[in-house]
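Open the model in your viewer and keep the selection panel at hand. Each stop below says what to select and what is there.

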Protein chains: 2
Amino acid sequence: MKYRLVTPGPSMAPAETLLALARPVRHHRTPENKSLTAEAISLLKQVFCTKYDVVIFASSGTGAMEAAVSNIVRPGEKAVVLSAGKWGERWAELCKTYQANLIELKADYGKVVTPHRVEAVLREHPDVVAVYAQLSETSTGVEHDLAAIGQAIRRTPSLFVVDGISGVGAVECRTDDWGIDLLAVGSQKALMMPPGLAFLSVSEKAKQVMESRPAPPAYYFDLQKYLRKAAENDTPYTPAHTLIAAQVESLRMLLNVGMETVWRQTRAMSRAMLAAAGALDLRPFAERPTAGLTVLSVPEGVDGAAWPKLLESKYGVKVAGGQGSLKNKVIRIAHMGYIDAIDVVGVVAALEWSLADLGRPVDFGAGVAAATRILAEEFVSRD
Amino acid sequence: MKYRLVTPGPSMAPAETLLALARPVRHHRTPENKSLTAEAISLLKQVFCTKYDVVIFASSGTGAMEAAVSNIVRPGEKAVVLSAGKWGERWAELCKTYQANLIELKADYGKVVTPHRVEAVLREHPDVVAVYAQLSETSTGVEHDLAAIGQAIRRTPSLFVVDGISGVGAVECRTDDWGIDLLAVGSQKALMMPPGLAFLSVSEKAKQVMESRPAPPAYYFDLQKYLRKAAENDTPYTPAHTLIAAQVESLRMLLNVGMETVWRQTRAMSRAMLAAAGALDLRPFAERPTAGLTVLSVPEGVDGAAWPKLLESKYGVKVAGGQGSLKNKVIRIAHMGYIDAIDVVGVVAALEWSLADLGRPVDFGAGVAAATRILAEEFVSRD
């Protein structure tokens with residue numbers, strides 16, 4: 001049985017990238033490796049839409065998130081966190097770990113935190129050091145309006161810190177235009193790589209904040225060390241250079257398509273999934289769905305634990321279930337990374353068959369037809 | 001862009017098989033390699049549904065076809081060929097090369113040769129040495145009724161020789177039950193491997209015919225040498241042992257599913273493609289379509305050269321066009337090997353989009369819905 005990984009990380013990786021991982025290991029302190037690192041940084045900047053520095057960590061995405069807290073907020077300083085799901089809560093946990101004076105802007109699961117609330121809290125607390133948010137809150141599938149939130153923040157001394165781990169590379173993210181000062185990204189989601197690398201972009205404003213303060217309580221994730229070494233196309237500690245070489249393959253593929261096109265195609269896949277859901281009488285969980293992910297409420301009468309299990313065991317389609325309080329209440333289907341419109345139509349067919357397996361009456365073909373119609377709008381040329 | 005190979009050979013191969021090809025090369029004259037060859041032969045017998053011997057050639061499928069002619073028919077002897085397309089014509093060319101007295105049973109492209117015609121020719125010519133046919137005539141997509149044809153042949157001294165290169169491993173083929181004496185198969189179609197290996201099963205009746213005659217005009221393809229060596233789990237010339245090791249991986253996968261299930265699923269994919277074609281007002285070219293392949297006539301108003309090119313360049317879906325006199329008149333879409341129902345639905349979506357690209361009015365969703373409904377009959381359990 002074919003296995004199709006459509007979880008919001010890790011995602012499928014192209015053969016070219018996986019084959020790069022199979023190349024013999026060479027030494028890492030070489031001129032060739034400096035060129036490789038230089039190319040990786042250059043490509044990452046293009047994908048992230050930033051002219052500022054990007055550093056590479058051998059870590060999971062959480063490492064980059066930790067660096068974006070420990071290097072910025074000192075004990076007792078104010079940090080605002082947009083908390084609308086598990087990943088917003090991770091920002092809050094990190095802020096607590098580093099003893100920030102935490103101001104949480106909470107939203108119910110499935111809802112967004114509005115730009116208006118961010119504006120209001122910054123007006124009330126002009127001494128906020130940083131505002132932490134998600135590009136895609138992967139646990140609920142929502143997308144905050146980061147462009148508008150960035151507008152509100154850039155007029156203040158606060159930094160805008162975004163967890164783009166899940167989404168950057170598939171979902172529109174205009175880092176510099178939106179005033180994002182620190183953008184954390186992971187290799188294993190939209191960047192079409194296995195896990196192992198994390199990235200952080202750092203604006204001039206963020207650098208000035210860091211330079212004006214004493215050394216941070218950080219060693220492996222001491223961001224200034226990485227920035228100094230990145231200027232020499234190097235890393236302070238052993239770089240995961242075979243992963244970087246493979247990441248370069250995937251980044252080239254993304255940029256060959258072009259980010260504007262990738263974003264538009266990702267949005268089309270999202271619209272197709274939502275149309276298919278509508279045709280199958282399924283409800284999206286998110287009030288403002290991110291393009292990289294569709295989160296669907298498990299419908300009445302369907303066993304929410306059995307559904308993702310059956311999709312995997314019978315159809316080879318690996319989706320994610322809900323986390324925490326959403327356990328067995330939603331399923332989460334990614335359309336980011338090495339996935340295309342043809343995959344989306346096929347996955348919808350598997351949703352139809354699996355729902356019928358679980359006893360729900362299904363008008364077979366309704367979902368795939370709706371998805372195919374929407375995707376035709378994106379793909380079919382008209383004169 | 002993702003690349004999906006849905007030509008009737010070569011077909012996609014699973015990662016497990018491709019990874020086996022990446023293992024270091026070891027020496028081939030070893031006890032380990034004899035065990036490997038023994039396992040390969042045992043698995044091939046199960047897939048081919050034969051209790052008789054199977055030999056392995058390092059060659060393309062045509063090599064096995066040549067062996068099934070040069071070792072059997074002597075100059076001036078009568079050979080019957082069912083000729084309903086390019087591959088039937090290949091049998092005829094081989095028979096001419098070995099100076100057989102060729103009796104061609106021709107059918108127009110898209111039509112089958114009926115069992116009745118085979119019966120009649122054998123009645124008229126009781127001295128026919130062998131009858132040559134295809135399991136799937138891949139150029140037109142037809143499937144002759146081999147079970148009935150075998151019934152007619154087995155009552156005579158003639159041998160029944162089948163080119164199962166395209167189809168065996170996906171399409172029902174009961175070698176012994178249908179009285180097939182020599183079955184030629186290639187690695188790169190339904191057996192989920194790249195090209196490089198060919199196989200030939202040899203019945204007791206075929207062996208007796210060979211043993212009663214002088215040595216054949218063959219060296220590399222001298223079948224009796226292969227049979228003698230196969231009895232020792234070896235080959236007369238250097239075996240392509242890394243290919244054999246990889247083939248074992250794919251054969252194990254097939255047998256884990258089970259041939260009856262594989263055949264049924266292949267037939268369901270064929271029915272789904274035909275239903276989709278009907279819903280999109282496309283006509284199948286074959287009067288009796290093989291399960292492993294759907295051949296569609298290029299509809300009026302659509303550029304038959306442009307269609308397959310666009311499917312590949314814009315959607316990454318590689319189908320085959322027509323051959324010889326069918327050039328630009330049909331497209332050929334395989335559903336054999338490492339392909340599943342989810343792929344089929346996705347490929348239908350690409351057919352819809354590409355037809356619209358080429359100016360044909362398309363009721364988007366009609367094809368995928370029809371395919372999804374048919375496949376639901378195969379996959380969805382009812383109580």
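**Before you start**

This is a predicted model, in which local features need pLDDT of at least 70, side-chain atom pairs count only at pLDDT 80 or more, and totals for chains, interfaces and linings use all residues. Residues are numbered from 1 along each chain as its sequence is written, while chains are lettered from A and ligands numbered from 1 in the order in which they are written.

**Stop 1: the two chains**

Show chain A and chain B together.

Now select the interface. Chain A gives 28 residues to the contact and chain B gives 27. Two residues are in contact if their C-beta atoms, placed from the backbone, lie within 7 Å. Of the interface residues of chain B, 100% are also interface residues in chain A, so the copies meet through the same surface.

Which helices of chain B each supply at least two residues of the side that touches chain A? Select H12 (341-357) and H13 (366-379) of chain B. Helices (H or I, at least four residues) and strands (E, at least two) are DSSP runs, numbered from the N terminus. H12(B) gives the largest share of this side, 10 residues.

Colour the side of chain B that touches chain A by class: 17 residues are nonpolar, four polar and six charged. Here Ala, Val, Leu, Ile, Met, Phe, Trp, Tyr, Cys and Pro count as nonpolar, Asp, Glu, Lys and Arg as charged, and the others, Gly among them, as polar.

**Stop 2: H13 against H13**

Axes are lines fitted to C-alpha atoms, for helices over the stretch in contact, and angles run from 0 to 180 degrees between N-to-C directions. Angles under 35 degrees count as roughly parallel, over 145 as roughly antiparallel, 65 to 115 as roughly perpendicular and the rest as oblique.

H13(A) passes H13(B) in a right-handed crossing. A crossing is right-handed if the near helix is turned clockwise from the far one by less than a right angle, and left-handed if anticlockwise.

Show the side chains. A:Ala366, A:Val368, A:Ala369 and A:Thr372 meet B:Ala366, B:Val368, B:Ala369 and B:Thr372. This contact of H13(A) with H13(B) has six nonpolar, two polar and no charged residues.

**Stop 3: the domains of chain A**

Colour 15-256 of chain A as domain 1 and 258-379 as domain 2. These bounds come from an automatic or database domain assignment. The C-alpha centres of the two domains lie 28 Å apart. In chain A, 24 residues of domain 1 are in contact with 24 residues of domain 2. The domain 1 side of that contact has 11 nonpolar, eight polar and five charged residues.

**Stop 4: H10 and H12 in chain A**

Select H10 (residues 259-279) and H12 (residues 341-357) of chain A. The axes of H10(A) and H12(A) are 10 Å apart, at an angle of about 15°. That makes H10(A) roughly parallel to H12(A). Their crossing is right-handed.

From H10(A), A:Met269, A:Ala272, A:Met273 and A:Ala276 meet A:Ala341, A:Val344 and A:Val348 of H12(A). The class count for this contact is seven nonpolar, no polar and no charged residues.

**Stop 5: backbone details**

Most residues other than glycine have a negative phi, and most peptide bonds are trans. Is the peptide bond from A:Gly9 to A:Pro10 cis or trans? The bond is cis, with omega near -10°. Find A:Pro10 in the loop between strand E1 (4-5) and helix H1 (15-21) of chain A. Switch to chain B: the peptide bond from B:Gly9 to B:Pro10 is cis, with omega near -10°.

Finish at A:Met192, where phi is near 60°, a positive value in a residue other than glycine. A:Met192 sits in the loop between strand E7 (182-186) and strand E8 (197-202) of chain A.
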